Amino acid sequence: MSSWVSSAASFYVPDEAEAWQENLNGMKSGATERYFERIPANPGFGAPVTSKTGVTTLQSADKSFSVEMKQLDGKWYVSKTL
């Protein structure tokens, strides 16, 4: 994988970053491109929303992309993309 994928992985929950990279490596031809194409270039995320279960979600302004976040040791990490 490219160095930018390794850089992007640093924003994932540390225990899950390697699995995220492996998932990208395991995608069939074209799937990786489609995965990244759906992420808006300028997402303009709205305010974070935290559910009763403690999951914090950020949604892009156009509502086409969301990320779930976790806070560990005072730092925020992506735990899931939707």
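Before I start, a word on contact, which here means that heavy atoms lie within 4.5 Å of each other. What we are looking at is a predicted model, in which local features need pLDDT of at least 70 and side-chain atom pairs count only at pLDDT 80 or more, while totals for chains, interfaces and linings use all residues. Residues are numbered from 1 along each chain as its sequence is written, and side-chain values use heavy atoms, with hydrogens and water left out.

Let me begin with the strands, which, like the helices, are DSSP runs numbered from the N terminus (helices are H or I with at least four residues, strands are E with at least two). Two strands are said to pair if DSSP finds at least two bridges between them. Strand 2, residues 56-59, and strand 3, residues 66-72, pair in the antiparallel sense over four bridges, and Gln-59 has Ser-66 of strand 3 as its bridge partner. Six residues lie between the strands in this hairpin, and there Lys-63 takes a positive phi near 65°.

Moving along, strand 3 also pairs with strand 4, again in the antiparallel sense, over six bridges, and here the bridge partner of Leu-72 is Lys-75 in strand 4. In the hairpin of strand 3 and strand 4, two residues stand between the strands, and Asp-73 takes a positive phi near 50°.

Now to two serines. Is Ser-66 buried or exposed? Ser-66, in strand 3, counts as buried because its relative accessibility is 9%, where buried means under 20% relative accessible area, exposed means over 50%, and partly exposed is in between, with a 1.4 Å probe and protein chains only. Leaving aside neighbours within four places in sequence, Ser-66 is in contact with residues including Thr-57, Gln-59 and Thr-81.

Ser-79, for its part, is found in strand 4 and is buried, with a relative accessible area of 16%. If we do not count residues up to four places away in sequence, Ser-79 touches Tyr-12, Val-13, Glu-16, Glu-68, Met-69 and Lys-70. The C-alpha atoms of Ser-79 and Ala-17 are separated by 9.0 Å, although these residues are 62 apart along the chain.

Finally, which kinds of residue line the largest pocket? Its lining divides into 15 nonpolar residues, one polar and no charged, where Ala, Val, Leu, Ile, Met, Phe, Trp, Tyr, Cys and Pro count as nonpolar, Asp, Glu, Lys and Arg as charged, and the others, Gly among them, as polar. A pocket is an open set of points on a 1 Å grid over the protein atoms alone, where a 1.4 Å probe fits, with protein on both sides within 12 Å along at least five of seven lines, and lining residues have an atom within 4 Å of a point.
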